Amino acid sequence: MPAHPLLKDYDALLVDLDGTVFEGGRPIDGAAEGLAEHAARNRVMYVTNNASRSPEQVAEHLTRLGFPTEPNFVLTSAMAAVDLAVAHVRAEGIDTPTAYVIGAESFRELARTAGLGVVDNADGNPDVVLHGHSPDNGWATLSEGALAIRRGATYIASNLDTTLPSERGLLVGNGSMVAAVVSATGVAPQSAGKPEPAMFVNAQERLGSVRPLAVGDRLDTDIAGGNAAGIDTLCTLTGISGHWDVLKAPVSQRPTHIVGSLRDHLDGWSAEQESLVDGTHRIVIASGEVPDESVSGGDALDDRAVALMAAEAVAVAAPYVWSLLDSGVPWEAITCVPATTNGVDPDAFAEAAVSVWR
């Protein structure tokens, strides 16, 4: 099946991983087909805040899941953090720079490859402390980092995500571990990962892209980062951020596009605003095209079909909601409702779509 039609308007896709192309150990439905055309032309860069795996490991994992790629089309926050560290030591004129790395061995190897001498503890007097996620991070490694920072080392974090998605739920993320070091030292790190724009700018340059699209599921990292980089953004409602999150999003986290799948699209959905005399406002949503049997799996709409309709519904409602919020209307004065088909009965498809917003 072809990709979502809006993707053809962009010459490159800068794509998040967990929650966007896969969830846990399984591919997200429609993601492979959505990315296939751009990937075949080497126009997909996978941009991830996860600093625990090397580009080679990420590429191997993606290929195994049905997203064939090479390490040079993977950009991790660990790579971005090392770039920041190298720029810092060069600006300081340090000839033989050293780093203490809180994180995975692959992060240490990136630092070594970039010309940073990696020391084992704070007594090595590192110029930089690099901090990325690893399941092995613990009290001892955090304490060595804190000691080095207190002695003057520059603190650089790969990312500040407080949570880490897993099949069991949200785990402790790198940002939560960083918070412990900040509490112990009083020093806030520079952050290399999303939502800072550096990774998106880097990815765009690597691909030589003129019109890239940042694709992700998380408003506060993927979308905010793409927006900060000045490029269009697409939120897939397949991961962390939900429909209500999108509607309530601050300006910096509002996506250019909202989809339920990188493959499927339903034409004809629409919304209109009704402002009532009591000062409240209703966004009335009308259904358009609905999933056929190839999507719904039969006469009764299945969960996947309803999820696709739910994304179309929020996509047409969002501009009205955002305009009201920006004009000073409180969230509590805004409701989203299905249209009626005969002045009485609700639009069944729109009603089903809104009912599953999360």
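Predicted model: local features only at pLDDT ≥ 70, side-chain atom pairs only at ≥ 80, totals over all residues.
1. Helix pair. Helix α11 spans residues 303-326 and helix α12 spans residues 348-355. Their axes come within 8 Å and cross at roughly 90°. The two helices are therefore roughly perpendicular. On the α11 side, the contact is made by V306, M309, A310 and A313. On the α12 side, F349, A352 and A353 take part. The residues of this contact comprise seven nonpolar, no polar and no charged.

2. Largest nonpolar core. This core holds 34 residues. W269, I283, I285, C336 and W357 touch the most other members. Two or more residues come from each of α8, α9 (243-248), β17 (281-286), α11, β18 (334-338) and α12. Helix α11 gives the largest share, 13 residues.

3. I283 in detail. Neighbours within four places in sequence are left aside here. I283 is then in contact with A271, E272 and Q273, with A317, Y320, V321 and L324, and with I334, T335, C336 and V337.

4. A229. Where does A229 lie? A229 is in the loop between α8 (219-228) and β14 (232-236). Its relative accessible area is 23%, so A229 counts as partly exposed, given that buried means under 20%. Leaving aside neighbours within four places in sequence, A229 is in contact with P197, F200 and V201. V277 is 48 residues from A229 along the chain, and their C-alpha atoms are separated by 41 Å.

Definitions and conventions
Residues numbered from 1 in each chain as written. Heavy atoms only, no water. Axes fitted to C-alpha atoms, helices over the stretch in contact; angles between N-to-C directions. Helix = DSSP H or I, 4+ residues; strand = E, 2+ residues; numbered from the N terminus. Parallel < 35°, antiparallel > 145°, perpendicular 65-115°, else oblique. Contact = heavy atoms within 4.5 Å. Nonpolar A, V, L, I, M, F, W, Y, C, P; charged D, E, K, R; others polar. Buried < 20%, exposed > 50% of the residue type's maximum accessible area, 1.4 Å probe, protein only. Core = buried A, V, L, I, M, F, W, Y, C linked by side-chain atoms within 4.5 Å.
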